[in-house]
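Work through the exercises below with the model open beside the text. Each task is followed by a solution in steps.

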Amino acid sequence: MTVVFGIAAAFSVVAVIVICIFLFVRGIPAMAKVGLFDFLFGVDWRPNNNDVFDQALEGMYGILPMIVGTLCATAGALLVGGTIGYLTAIFLAKFCPKKIKGILSQVVNLLAGIPSVIFGFFGMRVLSPFLGIFTSNGSGSGIFLVSIVLGIMILPTVVSLSKNAIEAVPDAYYEGARALGASHEQAVFKVVVPAGRSGVLASLILGVGRAMGETMAVVMVAGNSPVFPTGLFRSFCTLTATIVKEMGYAEDVHLSSLFAIGCVLLVFVLIVNLILHMVSREKKSNRNGRQGRLVPDWLRGFYAKIDRPLGKFKKGCCYGAAAFSTVALAGIVLFVMINGIPHITWDFLTNNYTYGSGPTIMPALAATGLLIVVSMVIAIPIGIATAIYLHEYTKRGNKLVKVIRSAIEVLSGVPSIVYGLFGMAFFCTFMNLGTSIISGSLTVTIMILPVIVRSTEEALIAVPDSYREGSYALGATKLRTVFKVVLPSALPGILAAVILAIGRVVSESAPLVYTMGASPRPAPSGLSSPGTSLAVLLYYYTGEGLYLDQAYATAAILMIIVLGLNLLSTFLVKKLQRRTTGA
Amino acid sequence: MSKAIQSANVSIKDVNLFYSDFQALKDINMEIPANQVTAFIGPSGCGKSTLLRCLNRMNDLIEGCKVEGTIKVGDVDIYREVEVNELRRSIGMVFQKPNPFPMSVYDNIAYGARIYGIRKRSELDEIVERTLKQSAMWEELKDRLRKSALGLSGGQQQRLCIARALAVDPKILLMDEPTSALDPISTGKIEELCAELKQTVTIVIVTHNMQQATRISDKTGFFLLGDLVEYGDTEQIFEAPRMPETERYITGRFG
């Protein structure tokens, strides 16, 4: 059985390799033609579709403005979402009154599933006109707006993962600190939060990855001029937005240059991963060496004096951040619901699409359903088997495990639009599956794999070792122990993981635009026919600007689906927990 | 290759155990007689639990752990002549912290039996009833067999774990400080249980509590820093210890 689990785990490594190969094979020709330096550091992006590889270039292919744009947008998002998310997580884990904690945590989990198109849609319809009041050109688009939209978008991810990390810190640490006379705030900020740092960092990795790779939300609020972001409210463009904007009509050199942008994004993700690896390793060695740090006496006295007030201040920040998160996220949900629900009609839900008929979402619902089923059928077994292999079947420090873990980390960081590029090159073209539901599903499968692996592993880690010992001591084999004791105990966590992954699938649009279809079309007749998912349809309607009411309605339905999934998962988790924990 | 374990006397010969570079057990030699209670005592870190976990090879699960020497149960060399899961079936274990699985009382007890292929409802029912009676819990639990075991009190959980271990008819029962997490009343119940169980199984118990050792054990081994300092009848160890270290320990001067 080890072999079976091992093969599943190797899948991630193979996926990373194949993704790299296909991106670089398609991207290198453009980099070579333009020249790597001119490509990376050129300041003009004026692609010309008449450019072919065996003639001189007429267009300009410099992506520096977009690189800068991406970096600024990511930094802005981290500043807004990272900070607020981190503080909100501390609030939820350690300061929140018991009564509202459950509800708030639930709300946050729900919001983690909100499709990024909805954030973009909200930014475009509400925040942009509002900010436009204060700008000279009347439009709020630009770095400022993108930072806020992306920041709010990564909030739930950061909050819920950081919260889990903080809550996983043993109570004994907290009690130990309190027993030494630390106040609640001091114990939280000096002992509990630092102890949960690695998990908090992991949540920030995910946040950065999401912000850097986000396409749809950005393309809707950035303005999309291929120039440097020269002001907070100036139109600019990111790497991801460029790809999704131009993919539809690009050819030859231009097309290859978009793949080259994909390569650049991929390299960025690798660099981010590497930096964070180094940071977390440094943290670990720091922790051992911390006692040795010399603080002059007068400074120590000063620290001691301000420590309690400082703790109170930090606590205040946590309350503020939590209030902001709640208001922002609940506001978006309410806004979309209020504007969307009145426009949901029976015809809108059930009519099939025919050429020239009005907007309808039945085909999109069908396509999304198929997408979920196919991707889950493949991703769940592979993901769970991978997690089992990593946590139950291998020893710590194993080289192979390290490789697999890095592969999973890379996969989780790869921007969704890059999956779109890869899916198009590999599934649609190379495997000859065309623009179809199956192509889109396979693309999405690889994308959600890390979500399932990570969360399943978390759930496995949470199963006490004493269960395993008890089982082994009765003479059970490893396989039986895993399937009869460990997996059942981890089931609520795994279910939550699966629901999270389904939410991801429902809300993703960037990888599907060019692998599954991006315009209204009749309901799919099978896996090989193209289909437009709900989220992509929302993007389409928003872009068209003609069917605004229907766009709201679509957004509301998307939201209701996510909400429904979440309620279902809560219900299941609660029920299972009741079954397994007493009385 | 796998020999069946027939008898329950354990003979430990020249056992050395290493955790990577650290030597946790040094040249241990001892004979543990069948159908008696043998207690391992000594200060924390002396190797008593480590030796206990050698007897059913739970140490195999620890990375970097290396065992030298031979341990025989009856005439079977447990590190060479028996499959590890088969060994653990014959040698049950109860842990320091009660660790019932997150299942019903019934499923907890039936877990071991199911491993060995018993599927029939009536047989499982019979095993559950027998072991619960054996561990003096039948009256308490017969009406809540379907409830989660995690809802039981700590003492009940620990006795359930004993019942769970007994359900597969082990020859030997290893107990690793089974009462250190329990209140005095629960502790008393488990001690009574030990006295009754030794009719049918051989018990090896690690304990921090010297009164407990005197109350329930027939033989006692005193460990210090990986050495077996003294081993003999419990009465002799506590009333006329031969080694000065033993005397200092049992009179409470260190440890």
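**Exercise 1.** In what order do the 6 strands of the open sheet of chain B stand, and is the pairing parallel, antiparallel or mixed?

Solution. The model is predicted: local features need pLDDT of at least 70, side-chain atom pairs count only at pLDDT 80 or more, and totals for chains, interfaces and linings use all residues. Residues are numbered from 1 along each chain as its sequence is written, and chains are lettered from A and ligands numbered from 1 in the order in which they are written.

Step 1. Helices (H or I, at least four residues) and strands (E, at least two) are DSSP runs, numbered from the N terminus. Two strands pair if DSSP finds at least two bridges between them.

Step 2. The order is S6-S7-S8-S3-S9-S10 (chain B), and the pairing is mixed.

Step 3. S6 and strand S10 (227-233) of chain B are at the edges with a single partner strand each, so one side of each has no neighbour in the sheet.

Step 4. Inside the sheet, strand S3 (residues 37-41) of chain B and strand S8 (residues 202-206) of chain B run parallel and are joined by 4 bridges. Ala39(B) has Ile205(B) in S8(B) as its bridge partner.

Step 5. H6(B) packs on this sheet and touches S6 and strand S7 (172-176) of chain B; its direction makes about 170° with that of S6(B). Here two residues are in contact if their C-beta atoms, placed from the backbone, lie within 7 Å. Axes are lines fitted to C-alpha atoms, for helices over the stretch in contact, and angles run from 0 to 180 degrees between N-to-C directions.

**Exercise 2.** Describe the open sheet of 4 strands in chain B.

Solution. Step 1. The strands are ordered S2-S1-S4-S5 (chain B), with antiparallel pairing.

Step 2. Strand S2 (22-32) and strand S5 (76-77) of chain B are the edge strands; each has a single partner strand, so one side of each lacks a neighbour in the sheet.

Step 3. Strand S1 (residues 10-19) of chain B is joined to S2(B) by 7 bridges. Val15(B) has Ile28(B) as its bridge partner in S2(B).

**Exercise 3.** At what angle do H3(B) and helix H6 (residues 154-166) of chain B pack, and which residues make the contact?

Solution. Step 1. The angle is about 35°, and the axes are 7 Å apart.

Step 2. H3(B) contributes Val105(B), Asn108(B), Ile109(B), Tyr111(B) and Gly112(B), while H6(B) contributes Leu160(B), Ala163(B) and Arg164(B).

Step 3. By class, this contact has 5 nonpolar, 2 polar and 1 charged residues. Ala, Val, Leu, Ile, Met, Phe, Trp, Tyr, Cys and Pro count as nonpolar, Asp, Glu, Lys and Arg as charged, and the others, Gly among them, as polar.

**Exercise 4.** How many residues does each domain of chain A give to the contact between domain 1 and domain 2?

Solution. Step 1. The domain assignment, automatic or from a database, gives domain 1 (1-25 + 344-583) and domain 2 (35-285 + 311-339) of chain A. Their C-alpha centres lie 21 Å apart.

Step 2. Domain 1 of chain A gives 35 residues and domain 2 of chain A gives 36 residues.

Step 3. On the side of domain 1 of chain A, the largest share, 11 residues, comes from H22(A). That side has 25 nonpolar, 9 polar and 1 charged residues.

**Exercise 5.** How many residues does each chain give to the contact between chain A and chain B?

Solution. Step 1. Chain B gives 24 residues and chain A gives 19 residues.

Step 2. H2(B) supplies the largest share of the chain B side, 4 residues.
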